[in-house]
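This report walks through selected parts of the structure shown below.

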Amino acid sequence: MSAPRREAAVAGLLLIVAGCAVAFVVAYATDAGTQALGLTLGAALLALAAALAAAGAWILPNEISEEPRRPPAAEDDEKKTVAALRPAGASITRRRLLAGTGAAAAAGLAGAAVVPLASLGPWMGDTLVESPWRRGTRVVDVEGQPIAADALDPGGFLTAFPAGADIDATGSPIVVVRVDPRRLRLPEARRAWAPDGLVAYSKICTHAGCAVSMLRSPLFSAHVPGPALVCPCHYSTFDVTDGGTVLFGPAGRPLPQLPLSIRSDGTVAAAGPLSGDVGPAWFGTRAPGRSGGW
Amino acid sequence: MLERTVHAVEVRTRRTHVLRAALGYVFPEHWSFLWGEIALYCFVVLVVTGTYMTFFFDASTTHIVYHGSYAPLRGQDMSRAYASAVHLSLDVRAGLLARQTHHWAADVFLAAITIHMARVFFTGAFRKPREVIFWTGLTLLAAAVLEGYMGYSMIDDLLSGMGLAIGWSVATSIPVVGGPLATLLWDGPFPGGTAFESRLYIAHVLLVPVLIGALIGIHLLLVSLLHHTQFRGPRETERNVVGLRLWPAYAVRSLALFAAVTGVLVLMGGLVQINPIWLYGPFHTYLSENGAQPDWYIGWLIGALRLVPGWELTAFGRTLVPNPFWGGVLFPLMVFATLYAWPLVERRLSGDRTTHNILDRPSDNPWRTAFGAAFATWVAVPFFAGSSDRIFLAFGIDYEGQVATMRVLWAVLPVLVFVATLRICRAVRDSEAAGRAEASADPA
């Protein structure tokens, strides 16, 4: 290609840039949608890239240059540096004293600068999560309506909250599951916690704090394990029939269980507090003797 | 025009050579050198699109009832942050283009930095005198991962809330200080006090971007002071630098790359949907969804959290080290500590204290390449394990079986990769040496 032709080609590409840019403005003015905006602006920029690349390759000089580097500093340069700078400190007689007190001053100031960061938030109390569940707390749905004991068929589950509490607090949400009472294998002390096969666990995963919102509930095969709650973040799997013990996944503690009772009006209430600390662990969480998953 | 500008600057700064020297800077040419530039241009796109979005985003957790244009969310209780992000996406003209371009640019930014770092590692470009450049780049990578995580977390949709729940549990898992530190940062226990959202916001739009910008500045300043490295070639030696001068050839090429990177990102932002937050709904502690995947650069961490078995260190009925510590704190600390230490480790092991301007090819240094490949495998296995649930849904491969397999691979595969890479590199090096010997023995 001759030089004028090459320049004409670059000019043509630049015209395409201008055209696409105008199209973008029109697309914006007519509210033509995200796709039209992206297409026109993207095309303008890609045409610009092509124009620049063509100009670089065809029109502008492209010769390879060679330049010497500054030679690497020789070993004696360090001595020169030291010799040049040393006189500055020559008048100091008690070097150690000044260095030590200087370090103390720096450390003190750094500490003083950092300490106000403690105002950022409340100081952690004895526990990270206060659970509002007490004996007699009524179990309600997200709208605050009491939950009836017969609201669930076997294999069904729902999310519930303590009446009157902040539903977004980690200590609040529970999952209520109905299982066939014959399948329950709760520890001796928890036998009365699941009236009519209604079992409840904290909904916050003891691994990383996501909501345990899946129930794996095999319906037909005798070979697959029983109903289990599964967290969608890292797939910790908790046995519903066995006090929330970890069947699989990274969780290190069972889901805390909430003892339930059925009131005379047929609605559900808590028969006591949750059986353990809610949610992800921290240094000092109560750790039950049972082991984690595999 | 440029000539006059240069003259004007020279007159006003009394510096005649600095600008001209800069314009005459020589860039060695190799395709693998472009990744750092691509990362730089992604950062520019991120700053421009991000600044645009700050005019619409409302970093507030004050709860409102949504009455906007998106019918499925109407009547729902949500934070102003989420409502304003939905408004920006669905009602503001060019808002979704900016948001999706921003999100894609972040993903490409991290990818470009990672590939650039791999190039630097496998060619030995981090060796003396460029260790500090390597360390600033590494810090940049860590800052960029944090920046990306905070960016998608502050929208307060369901997916970002789940990510923050995991972040919270990773923070509280740090022994002794974890609980108090997390409470301080979150302004209270999870999901945090009212100040948390604005902290996330100021960190994402000011603190970390300024840090990234400063690191980029130091990184580039040091690169230009030392000049680029180059591969060995017919003219290239340790004592020279061979390539295109900045003005005009390289500048025009680099601007072409800038336009191309921006163009591709804008095309993706317009045509390829990413993070459709209006479909996720607002976050509540008691909600989660299945099939949640973080952005790709968090994949290695979520995978590590999934692969570690349910170990917790306990004593006297109390937890000392909660489980998320292993995958969420210890693993990334080990990864970054290894990378930071590598220039010193290699210098120690090889005894090589000389300066280097000529790059190795990967086969020139079989031990380094084998270590790097094994290390990359060690990070890649949890990365793929982070998608095991997607693989289960797509191909029906048993999830628990995948995790069991991945745990074994996590330990075994790096060793196999190490041995295989070492052998391949040595074979390549030996066959090249034999070829050179043959060529010199046979002058005809």
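Strand S8 (residues 237-239) of chain A is joined to S9(A) by 2 bridges, and the two strands run antiparallel. One pair of partners here is A:Thr237 and, in S9(A), A:Phe248. The model described is a predicted one. S8(A) and S9(A) belong to an open sheet of 4 strands, in the order S6-S7-S8-S9 (chain A), with antiparallel pairing. Its edge strands, each pairing on one side only, are strand S6 (214-216) and strand S9 (246-248) of chain A. On average, neighbouring strands of this sheet are turned by 35° against each other, direction ignored.

Chain A also has an open sheet of 5 strands, ordered S2-S3-S4-S5-S10, and its pairing is antiparallel. At the edges are strand S2 (139-140) and strand S10 (257-258) of chain A, each of which pairs on one side only. Within the sheet, strand S4 (residues 174-178) of chain A and strand S5 (residues 198-202) of chain A run antiparallel and are joined by 5 bridges. A:Tyr201 in S5(A) stands opposite A:Val175. Strands of a sheet pair through backbone hydrogen bonds, either parallel or antiparallel.

Where do the two chains meet? In chain B, 79 residues are in contact with 70 residues of chain A. Several elements of chain B give two or more residues to the side that touches chain A, including H5, strand S5 (240-245), helix H12 (299-307) and helix H16 (399-441). H10(B) gives the most to this side, with 15 residues. By class, the side of chain B that touches chain A has 41 nonpolar, 26 polar and 12 charged residues.

Strand pairing also links the chains: strand S1 (residues 65-68) of chain A is joined to S5(B) by 4 bridges, and the two run antiparallel. S5(B) pairs within its own chain as well, in the antiparallel sense over 2 bridges, with strand S1 (residues 26-27) of chain B. The table lists residue pairs that involve S5(B).

| Residue | Partner in S5(B) |
|---|---|
| A:Glu67 | B:Val241 |
| B:Phe27 | B:Leu244 |

Among the helices, helix H5 (residues 95-122) of chain B has 28 residues. From its first C-alpha to its last, H5(B) reaches 41 Å, close to the 40 Å expected at 1.5 Å a residue. Is H5(B) largely enclosed or open? Of its 28 residues, 22 are buried, so H5(B) is largely enclosed by the rest of the structure. Just after H5(B), B:Gly124 takes a positive phi of about 70°.

Another pair of helices, H7(B) and H8(B), packs at an angle of about 140°, with the axes 7 Å apart. H7(B) is therefore oblique to H8(B), as angles over 145 degrees would be needed to count as roughly antiparallel. On the H7(B) side the contact is made by B:Trp168, B:Ala171 and B:Thr172. On the H8(B) side the residues are B:Gly178, B:Gly179, B:Leu181, B:Ala182, B:Leu185 and B:Trp186. By class, this contact of H7(B) with H8(B) has 6 nonpolar, 3 polar and no charged residues.

How values were computed
Residues numbered from 1 in each chain as written. Chains lettered and ligands numbered in written order. Predicted model: local features only at pLDDT ≥ 70, side-chain atom pairs only at ≥ 80, totals over all residues. Pairing = 2+ DSSP bridges. Expected span 1.5 Å × (residues − 1). Buried ≥ 20, exposed ≤ 12 C-beta atoms within 10 Å, placed from the backbone. Contact = placed C-beta atoms within 7 Å. Nonpolar A, V, L, I, M, F, W, Y, C, P; charged D, E, K, R; others polar. Axes fitted to C-alpha atoms, helices over the stretch in contact; angles between N-to-C directions. Parallel < 35°, antiparallel > 145°, perpendicular 65-115°, else oblique.
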